[in-house]
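Welcome, and thanks for taking a look. Please open the sequence and the model side by side, and we can walk through a few of the features together.

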Amino acid sequence: MVAWMLTPDDGSTDGKFVSYLEHPGKFSHHDPVLFQKIKELLTHGLKRRVSLIENTNLLPKTEFFSSHVPDTASSRSMWFSSLIQQAQGSDFVFLDPDNGLEVKSKAYGKKDSSKFLYWCEVETLWASGKSLLIYQHFIREKRLNFVRRMLDSMKDATPGSSVEAFSTPHVVFLMALQPEHQGFHKTIVSYVQKNWEGQIHHWELMQQQQSEIPCRAR
């Protein structure tokens, strides 16, 4: 299932960076079908809505949860209950919060808390038997340290999981696989490395490359 975690338009430019469509030689080979379909949708001048993707065959056999995320605690609780209910038939849930996982400055139920996913929600989804993939924007912290910290937190929230991270220049995707789904781990990593080389980086490989950098002379 894809949970878009939509929020009201705040006038930001997030989601408007589509200049990659002007460089098919650089990007289309990663996923030609995806590239062409997105280009077609945007060329038609249609208003950008997630329903445009939902109405294609890009993600077959996928449920979509498109309700806007509220700020208030009571409404958020109802929203999450609906998410849990709709996800009952899904083994794997992708969550796409505006900014990523919770931060101390945005308490649950407060203004703009809708832009974040909360660890209590991760724990509940995990306990319901779902494997998870979560969008996380990079923050002003050394990226190696940040990803390590997020993976540690992910591991704590998903007992028994196999955790993984895939990063781009601006965001990281955190994955937790249920024990019964961990046999797919190698296939997932191989697919990303083969089809998205140079754009999406496997975290384990990044760590290995970092450790191989020779010490600088003092």
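## Aromatic pairs

How many aromatic pairs does a search of the whole structure find? In this predicted model, the search turns up nine aromatic pairs. One of the pairs is formed by Y20 and F27: their ring centres are 6.1 Å apart and their planes meet at 70 degrees, over the 60-degree cut-off, so the pair is edge-to-face.

Y20 also pairs with F35. Here the ring centres lie 6.4 Å apart with the planes at 65 degrees, so this pair is edge-to-face. The pair links distant parts of the chain, 15 residues apart: Y20 sits in the loop between β1 (2-3) and α1 (24-27), and F35 in helix α2 (residues 32-43).

## One cluster, buried or exposed?

Taken together, Y20, F27 and F35 form one aromatic cluster. Y20 is partly exposed, with a relative accessible area of 28%. F27 counts as buried at 19% relative accessibility, under the 20% cut-off, and F35 counts as buried at 7%.

## The second largest pocket

Now for a look at some open space. The second largest pocket has a volume of about 260 Å³. Its lining is made up of 15 residues, and those nearest the centre of the pocket are L101, E102, V103, Q136 and I139.

Which elements give two or more residues to this lining? They are β6 (131-137) and α6 (143-157), with α6 providing the largest share, four residues. Sorted by class, the lining of the second largest pocket holds eight nonpolar, four polar and three charged residues.

Technical notes
Residues are numbered from 1 along each chain as its sequence is written. This is a predicted model: local features need pLDDT of at least 70, side-chain atom pairs count only at pLDDT 80 or more; totals for chains, interfaces and linings use all residues. Side-chain values use heavy atoms; hydrogens and water are left out. On a 1 Å grid over the protein atoms alone, a cavity is a set of points where a 1.4 Å probe fits but cannot get out, and a pocket is an open set with protein on both sides within 12 Å along at least five of seven lines; lining residues have an atom within 4 Å of a point. Grid points are joined across faces, edges and corners, and a volume is the space filled by probe spheres set on the points. Ala, Val, Leu, Ile, Met, Phe, Trp, Tyr, Cys and Pro count as nonpolar, Asp, Glu, Lys and Arg as charged, and the others, Gly among them, as polar. Rings of Phe, Tyr and Trp (its six-membered ring) pair if their centres lie within 6.5 Å; planes under 30 degrees apart count as stacked, over 60 as edge-to-face and the rest as tilted. Buried means under 20% relative accessible area, exposed over 50%, partly exposed in between (1.4 Å probe, protein chains only).
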